[in-house]
Amino acid sequence: MMADIIKQIYDAVVEGKVEEASSAVQDALNSGLEAEEILNKSLISAMDLVGQRFGEGEIFIPQVLWSAKAMQAAMDLLKPHFTSSRSKDVGKVVIGTARGDIHDIGKNLVAIMLEGAGFQVIDLGVDVEPEGFVEKAIEEKADVIAVSALLTTTMQSMGDVVSLVKERNLPSVKVIIGGAPVDGAFCEEIGADAYGIDAMDGVRKVKELLSR
Amino acid sequence: METSLNHLCVPRFELLDESQILRLHHAALRILGEVGVKVNHQRAVDLLAGHGAKVDADNIVKIPQFLVEEAIRSAPSDLIIYNRKKEPVMELGGKRIYFGTGTDLPKTIDLVTRKVRDTTSDDVILSTIISDAMPDIDFIGSFGLPKDIRPGLHYIKCFELEVRNSAKPIFFTAGSEKDLNVILDMASTVAGGDEELSRFPFLIHYSEPTSPLTHSKEALAKLLLCSERKIPVNYTPALLAGSTGPVTLAGSLGVAVAEALSGLVIHQLANRGSPIITGVAATAMDMLHATVSYSAPEFRLTHSAYAELFHYYNLPIWGTAGCSDAQFPDLQAGAEYGFSLLSAALDGANLIHDCGYLGQGFIASPEMIVFANEVIGMVKRYLSGFSIDDAHLALDVVRSVGPGGHFLGEKHTLDFFKQEHWRPSLFNRENLPNWIKKGSKTLDQKLVEKALEISKTHKPEPLSSTVSEELDRIWDKISSQMEK
């Protein structure tokens with residue numbers, strides 16, 4: 001019975017069925033399963049499979065997004081039940097597009113993928129001043145600042161974010177950058193901690209940064 | 001003579017019937033009236049509000065039908081673009097087609113090392129010289145975005161290098177109103193004053209709204225500046241079906257057309273009759289790689305559809321072709337160039353840009369400009385069709401040669417072979433033994449050789465020394481200001 005519910009949640013998340021995921025999680029909680037168990041036995045492994053299938057080209061972005069939505073819906077139900085040891089998410093990320101840049105598709109994609117991977121994401125939206133990123137990171141005690149840019153003109157402000165983090169002496173806050181014009185050389189040039197080639201790589205890099 | 005016969009047989013393409021064109025038009029009007037567009041520029045909001053548009057919270061502006069239809073009427077339907085020497089070289093309107101490169105490619109495939117590297121200002125000079133030498137490249141863009149020039153100055157430098165290295169019309173971008181003003185000062189210097197520049201425009205500025213349904217402050221500042229100074233401007237959205245627009249092509253077209261039309265309204269309200277080139281780019285986002293496809297077949301469908309809609313409006317329109325998602329000049333690039341150039345030409349788009357693009361709008365390939373030129377020649381020959389009049393049917397020649405003879409020695413053959421048959425300049429037509437004898441060269445080798453040869457031998461017409469010195473002075477002034 002318990003195994004059945006776990007399997008139902010797992011399948012609902014893999015298939016991106018939001019309502020089914022929610023009702024299965026509610027059933028699981030009603031039947032006395034611990035929130036941690038539901039998270040560890042179904043949600044995380046479901047999203048792992050989704051990530052793996054996406055990486056292999058078996059499923060596509062819209063499908064990943066709906067799986068992430070199902071995961072989020074499940075998490076919303078589980079959160080009140082987590083014991084204090086799990087009050088903190090796997091990590092907290094402040095994300096936004098660089099100053100002057102209002103292109104946010106890439107940023108939205110990364111935000112959703114991060115949420116899908118269990119991160120708490122604070123999305124500052126578009127055209128974010130370097131100060132905006134850093135203030136929010138301090139206020140929220142975030143682990144990572146993620147900055148996205150599409151334009152070669154706006155990517156320059158990514159360097160300002162890095163300088164400001166150093167200026168404010170926040171060694172625990174990592175800066176990751178991404179977007180079409182960004183590459184490894186630029187990342188090194190401005191002294192950012194990492195850059196993501198695409199959304200999946202961005203999530204991978206954030207995980208790496210936090211496991212160091 | 002036979003009186004009712006149309007002698008010319010030309011390939012034609014039609015995607016939409018009139019009721020389908022109107023359906024799209026009405027969808028765009030409903031989006032503008034019911035959903036509205038976000039207008040992040042106060043003067044543009046004031047202009048719209050002052051003429052009957054409704055402004056909601058957060059500068060969401062709902063534009064009534066009559067404003068859109070007035071703008072379609074007040075914008076010029078036929079736009080003459082001159083070269084640097086004030087000779088009319090492009091008549092944008094109707095189904096006249098012109099081709100050119102584009103702007104802002106951060107990477108370049110080096111002609112010598114064949115490696116992808118950062119674009120430099122030398123690449124801007126090279127692509128300008130190649131474009132100048134190519135007979136079927138009608139206008140030039142910076143092609144690359146030079147890494148060796150600091151942001152804020154790089155668009156100014158690009159324009160300066162282009163105008164020095166070609167007399168052809170220039171299609172250009174700018175970061176903001178600030179560098180646009182400097183570029184226009186340079187252009188005015190070349191033309192001999194602002195009035196001469198607006199009389200004989202040899203340049204077209206590119207600015208764009210941001211999908212979905214947003215006009216950024218910078219884009220509008222540039223649009224308004226061009227409108228006021230009567231500088232031709234190309235204001236067209238680049239929408240991605242499935243991410244910045246609905247996943248369906250019809251839905252994407254509705255949104256993109258609404259974006260283009262709202263830009264047209266703002267542009268015309270600022271200065272009625274000012275020159276503008278409009279249209280859209282609506283392609284598919286690749287749902288596996290989250291990349292922008294420059295060569296999706298869906299892009300060709302939306303291109304044909306908006307082209308027919310904007311021809312219906314009788315407005316000059318832009319186009320996109322001669323570009324590829326391939327990262328290198330390979331077979332994929334060849335197929336995508338051929339398909340897109342033919343399709344855009346059949347659409348009758350006026351200002352067809354992006355020739356020479358690889359890597360989904362990130363990589364400049366100088367030799368692919370040469371390739372595009374070759375394909376354009378082929379496409380133009382195909383589109384010019386053939387005549388079926390008596391001289392071309394040539395029944396008298398057939399009678400005189402008769403069965404079993406040959407036509408090679410006929411005067412008719414001599415008279416017509418040049419105009420009737422297209423001759424490639426680089427595509428192979430040699431037989432096998434001759435091809436081997438001449439080094440078994442494949443097209444990609446010949447393209448690189450040709451591009452290198454042009455770079456060494458082609459000498460563009462220089463600017464007068466007075467103008468040249470004045471450009472130096474403008475550059476020195478702005479670059480020293482920026483260094484401070």
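This report describes selected strands, helices, contacts and salt bridges of a predicted model.

## Basis of the description

The model is predicted; local features need pLDDT of at least 70 and side-chain atom pairs count only at pLDDT 80 or more, while totals for chains, interfaces and linings use all residues. Residues are numbered from 1 along each chain as its sequence is written, chains are lettered from A and ligands numbered from 1 in the order in which they are written, and side-chain values use heavy atoms, with hydrogens and water left out.

## The four-stranded sheet of chain B

In chain B, four strands form an open sheet in the order β3-β4-β2-β12, and the pairing is mixed. The edges are taken by β3 (54-55) and β12 (214-215) of chain B, each with a single partner strand, so one side of each has no neighbour in the sheet. Strands are DSSP runs (E, at least two residues), as are helices (H or I, at least four), and both are numbered from the N terminus. Two strands count as paired if DSSP finds at least two bridges between them.

β3(B) and β4 (residues 60-62) of chain B run antiparallel and are joined by two bridges. B:Val61 in β4(B) is the bridge partner of B:Val55. Helix α1(B) lies across β2 (37-39) and β4 of chain B, at about 125° to β4(B). For such angles, axes are lines fitted to C-alpha atoms, for helices over the stretch in contact, and the angles run from 0 to 180 degrees between N-to-C directions.

## The three-stranded sheet of chain B

A further open sheet in chain B has three strands in the order β14-β16-β17, with mixed pairing. Its edge strands are β14 and β17 of chain B, each of which pairs on one side only. Strand β16 (residues 281-286) of chain B is largely enclosed by the rest of the structure, because five of its six residues are buried. Buried means under 20% relative accessible area, exposed means over 50%, and partly exposed lies in between (1.4 Å probe, protein chains only).

Strand β14 (residues 238-241) of chain B runs parallel to β16(B), and four bridges join the two. B:Leu239 stands opposite B:Ala282, and B:Leu240 stands opposite B:Thr283. Strand β17 (residues 291-292) of chain B is antiparallel to β16(B) and is joined to β16(B) by two bridges; here B:Met285 stands opposite B:Val292. β16(B) and β17(B) form a hairpin with four residues between them, and B:Ala290 in the turn has a positive phi of about 55°.

## Individual residues of chain B

B:His303 is placed in helix α10 (residues 297-313) of chain B and is buried, with a relative accessible area of 0%. Apart from neighbours within four places in sequence, B:His303 is in contact (heavy atoms within 4.5 Å) with B:Gly319, B:Thr320, B:Ala344, B:Asp347 and B:Ala349.

B:Ile80 belongs to strand β5 (residues 79-82) of chain B and is partly exposed, at a relative accessible area of 29%. Not counting residues up to four places away in sequence, B:Ile80 touches B:Pro88, B:Met90, B:Glu91 and B:Pro201. The C-alpha atoms of B:Ile80 and B:Pro64 are separated by 30 Å, the two residues being 16 residues apart along the chain.

## Helix α7 of chain A

In helix α7 (residues 157-167) of chain A, the buried residues include A:Met158, A:Val161, A:Val162, A:Leu164 and A:Val165. The buried residues of α7(A) pack against α6 (130-140), β3 (144-148), β4 (174-178) and α8 (184-190) of chain A. Just after α7(A), A:Asn169 has a positive phi of about 55°.

## Salt bridges

Over all chains, the structure holds 37 salt bridges, a salt bridge being a side-chain nitrogen of Lys or Arg within 4 Å of a carboxyl oxygen of Asp or Glu. One of them joins the side chains of B:Glu461 and B:Lys85 (2.9 Å, N to O). B:Glu461 lies in the loop between α17 (443-457) and α18 (465-483) of chain B and B:Lys85 in the loop between β5 and β6 (88-92) of chain B, so this pair ties together parts that are 376 residues apart in sequence. B:Glu461 is partly exposed at 42% relative accessibility, and B:Lys85 is partly exposed at 37%.

B:Asp123 forms a salt bridge with B:Arg117, with the closest N and O atoms 2.8 Å apart. B:Asp123 is buried, with a relative accessible area of 10%, whereas B:Arg117 counts as partly exposed at 27%.
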